Amino acid sequence: MELETERLILRKPKKNDWKDIVDGVGEYDVSKMLLKIPYPYVKKDAEDFIKRTLKKWRKKIKDDFLFLIELKSEKKVIGAIGIHKIDMFSRTGTTGSWINKKYWRNGYMTEAKIAVNDFAFNKLKLRRLNSVVYKDNIASNATQRKMGYKLEGLQRKYEKSKASGKIHDVNIYGLLKEDWKKVRSSFKL
């Protein structure tokens, strides 16, 4: 399964993606904003990640969709985005993402997140998406608000980044399907 936008292909990983993954998430400014990513991030970490992700893609009942973000013009993986903890009874899921620092501030994450939100609400028929973001991750917090996610709470000293060892406050965001419908029309894709 793939999702396609004007500039991006969102797809499951391939074994040879490890170099692009290490290049992107191995950058300290990226890994320090993620919960489970070690620093330094090496080839074995990427290979293990690819193996775990492909195993999830093979499951008959999926509760997790993780897409690599491939930039069409370079045929290079520049990030990842996913819907995790999918609960089909409650029709909810939690989003998460990262993007290679070299590609920050180009609108790629916004483009990928629009495609994933559309997939979650239109194909998976979810009614709500959650997002947990480190309070000090300015760009990610701005992206959530831009996408129509509402700040619903703060959990103080909640998560510890494996890369930095720092304990973070996290902002809890929620996006309802009806709110996405209102915001979605403002985006071209």
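User: Where does Lys 15 lie, and between which elements?

Analyst: Helices (H or I, at least four residues) and strands (E, at least two) are DSSP runs, numbered from the N terminus. Lys 15 sits in the loop that links strand E2 (8–11) to helix H1 (18–25). This is a predicted model, where local features need pLDDT of at least 70, side-chain atom pairs count only at pLDDT 80 or more, and totals for chains, interfaces and linings use all residues. Residues are numbered from 1 along each chain as its sequence is written, and side-chain values use heavy atoms, with hydrogens and water left out.

User: Is Lys 15 buried or exposed?

Analyst: Buried means under 20% relative accessible area, exposed over 50%, partly exposed in between (1.4 Å probe, protein chains only). Lys 15 has a relative accessible area of 72%, so Lys 15 is exposed. Lys 15 and Asp 169 are 154 residues apart in sequence, and their C-alpha atoms are 35 Å apart in space.

User: What about Ala 80: buried or exposed?

Analyst: Ala 80 belongs to strand E4. Its relative accessible area is 3%, so Ala 80 is buried.

User: Which residues does Ala 80 touch?

Analyst: Contact means heavy atoms within 4.5 Å. Leaving out residues up to four places away in sequence, Ala 80 touches Leu 66, Phe 67, Leu 68, Ile 69, Gly 96, Ser 97, Trp 98 and Met 109.

User: How many bridges join strand E4 to E5, and in which sense do they run?

Analyst: Two strands pair if DSSP finds at least two bridges between them. Strand E4 (residues 76–87) and E5 are joined by seven bridges and run antiparallel. Gly 82 faces Gly 96 of E5. The hairpin of E4 and E5 has four residues between the strands, and Arg 91 there takes a positive phi near 65 degrees.

User: What else pairs with E5?

Analyst: Strand E6 (residues 128–134) runs parallel to E5, with four bridges joining them. Thr 94 stands opposite Asn 130 in E6. Strand E5 (residues 92–99) is mostly covered, with six of its eight residues buried.

User: How do E7 and E8 pair?

Analyst: Strand E7 (residues 150–160) and strand E8 (residues 167–176) are antiparallel, with seven bridges. Gly 153 is opposite Ile 172 in E8. In this hairpin six residues lie between the strands, and Gly 165 has a positive phi near 80 degrees.

User: How many helices and strands does the protein have, and in what order do they run?

Analyst: There are six helices and eight strands. From the N terminus, the order is β-β-α-α-α-β-β-β-α-β-α-β-β-α.

User: What share of the residues is buried, and what share of the contacts links residues 24 or more positions apart?

Analyst: Of the 189 residues, 50% count as buried. Among contacts with a separation of 6 or more, 62% come from residues 24 or more positions apart.
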